[in-house]
Amino acid sequence: MKTLDYILSDPRLTIRRAGQPDMEGRCVVYWMQRAQRAVDNPALTAAIDAGNCLGKPVVVFFQLVPHAHHANYRHYQFLVEGLAEIAAELQKRKVGFVLRRYPDHGLLQFCSEVRPCLVIADENPLMEAEHTKTRIAEKIIPPFWTVDSDVVVPSKLLAKEHYAARTIRPKIHALLPQYLRKVENPAAQFPWRTPSHVLSLVPDPSLLDNFPIDRAVAPSAYFRGGSQEAKRCFEQFLRSRLKGYATQRNKPDLDGTSQLSPYLHFGHIGVQTVALAVQRADAPAQDRNAFLEELIVRRELAVNFVRFNRNYENFDACEPWADVTHRIHVRDPRQYLYSEKHLEDAETHDPLWNAAQKQMVLTGWMHGYLRMYWAKKILEWTESPLAAYQIAVRLNDRYELDGRDPNGYAGIAWAVVGKHDRAWGPERPIYGKIRYMSFASTSRKFNSKAYIARVAALEKGALSDP
Ligand code: FAD
């Protein structure tokens, strides 16, 4: 059995409130937020190991709160679809699941009811989640630890904001042998029973009835949330699309990517699970390596960006060279100038851009190659880089199921303010030295007509895949 010292020695773990667990306490609480899964979850493993070591049962606490940053019905529905499975899987491991929703959702209230000796949470590098944890750490009575569960390399080990993939890659690769490991899934030795005075809701779709959320964006008819769906989607990718990924991932007409981003965002599948299975898969090394570069290096570069640059959601994330170039070009005449509403409604002169916007609005997911083009054109067609940044963040977060994610903020910062990129020549109107993408060059890279036709079929409801 693992000792507390051993659990504490894991670099994934951060002590938010120090102290010895009170042996009078009744349980260990795992406050699940980002890592919404009951298997391959390092925070849950730490909670179960700690419970077994302290001789206490473990209960997972999940709170459903409205008004999560930029979240709407589409995101909430996807989240709720994953909850029933979590409860069922936890039961197999003798771990409890207590679900509360606003206004009865407070963690401190729950702690006063169950008197834990220790509280563990997972990490989320985004500001809103981090502020909540800081506030909790100030008020909570038992020791409070967090575990960085949704990255391969614990993000604090990368220590500072990295300039680009080429600077972070060697550091990540050097740490992979130590951190790209199978997550253990122990069972709790002391089963949890929810006391009768403790309120716990049933994790079913009625949770969203009368819940005060923004309902303007409908749930996706193409992506269903939950770990089972994540697994099914991943297995399909391993079987039929990993082979060829290196050459086909930038061809939106072929749909050669994994479409795992919504599941990774909600933590329905763990990054370690995906990375290890791809490493072992029967596919050419160039395909496996290309995928792992996106899944680990690019994704953890994005986490590094939001963790160490608190301007990630606004124009101040700008690199100094990009700031200079934008100041020079901000008043350049725009041949096309669109309002946010025109963009949102896909009413531009550009059929490829409109198709990409529609794919996102209709399905909750846009192909990655087109996300670059999409954001670059918002820069070109709006009144200023500042406006472009804000509009891109709002639309991305509103419609993408994987929105509100470090990857989205890093992707938009890359496209609009040169984050993780370099200055490019020749200098162009509006873009200055920011990397340029044109309709002609982008359309030449793949069969754009086939992609546009595909989205038209989606619009008519004639396709079941996004
Ligand atoms: P795959 O090609 O199958 O890649 C597997 C996983 O690797 C992805 O699920 C993702 O987690 C990670 N990944 C892939 N490409 C990138 C990348 N460029 N940067 C960081 N991680 C990557 N990703 C989001 O998850 N949420 C967003 O809101 C988001 N918005 C973006 C906006 C813009 C303007 C740009 C340029 C990129 C954005 N991305 C975002 C990154 C990337 O486009 C998506 O992660 C990817 O297209 C998702 O599809 P997939 O799961 O099929 O990717």
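# Helix packing and sheet exercises

Helix α14 crosses α15 in a left-handed sense (left-handed if the near helix is turned anticlockwise from the far one by less than a right angle, right-handed if clockwise). The model is predicted, so local features need pLDDT of at least 70 and side-chain atom pairs count only at pLDDT 80 or more, while totals for chains, interfaces and linings use all residues. Residues are numbered from 1 along each chain as its sequence is written, and side-chain values use heavy atoms, with hydrogens and water left out.

**Exercise 1. Describe how α14 packs on α15, and list the residues that meet.**

Step 1: begin with the two quantities needed. Two packed helices are described by the angle between their axes and the distance between the axes. Helices here are DSSP runs of H or I with at least four residues, strands are runs of E with at least two, and both are numbered from the N terminus.

Step 2: take the geometry. The axes of α14 (residues 351-363) and α15 cross at roughly 115° and come within 10 Å. Axes are lines fitted to C-alpha atoms, for helices over the stretch in contact, and angles run from 0 to 180 degrees between N-to-C directions.

Step 3: look for contacts, meaning heavy atoms within 4.5 Å. From α14 come Leu-352, Trp-353, Ala-356, Gln-357 and Met-360, which meet Leu-370, Tyr-373, Trp-374, Lys-377, Ile-378 and Trp-381 of α15.

Step 4: sort the residues by class. The contact of α14 with α15 has 9 nonpolar, 1 polar and 1 charged residues. Nonpolar covers Ala, Val, Leu, Ile, Met, Phe, Trp, Tyr, Cys and Pro; charged covers Asp, Glu, Lys and Arg; the others, Gly among them, are polar.

**Exercise 2. Work out how α15 and α16 are each oriented against α17.**

Step 1: start with α15 (residues 368-381) and α17 (residues 406-417), whose axes are 9 Å apart at an angle of about 50°. The two helices are therefore oblique to each other. The cut-offs are under 35 degrees for roughly parallel, over 145 for roughly antiparallel, 65 to 115 for roughly perpendicular, and oblique for the rest.

Step 2: The crossing of α15 and α17 is right-handed. Met-372, Ala-375, Lys-376 and Leu-379 of α15 make the contact with Trp-414, Ala-415 and Val-416 of α17. These divide into 6 nonpolar, no polar and 1 charged.

Step 3: move to α16 (residues 385-399). Its axis and that of α17 cross at roughly 150° and come within 10 Å, which makes α16 roughly antiparallel to α17. This crossing of α16 and α17 is right-handed.

Step 4: list the partners. Pro-385, Ala-388, Tyr-389, Ala-392, Val-393, Asn-396 and Asp-397 in α16 meet Gly-408, Tyr-409, Ile-412, Ala-413, Val-416 and Val-417 in α17. By class, that gives 10 nonpolar, 2 polar and 1 charged residues.

**Exercise 3. Give the strand order of the sheet, and find its edges.**

Step 1: read off the order, β1-β6-β5-β2-β3-β4, for an open sheet of 6 strands with mixed pairing. Two strands pair if DSSP finds at least two bridges between them.

Step 2: find the edges. β1 (13-17) and β4 (96-101) each have a single partner strand, so one side of each is left without a neighbour in the sheet.

Step 3: zoom in on one pair. β2 (residues 27-31) and β5 (residues 116-122) pair in the parallel sense over 5 bridges, and Tyr-30 has Ile-120 as its bridge partner in β5.
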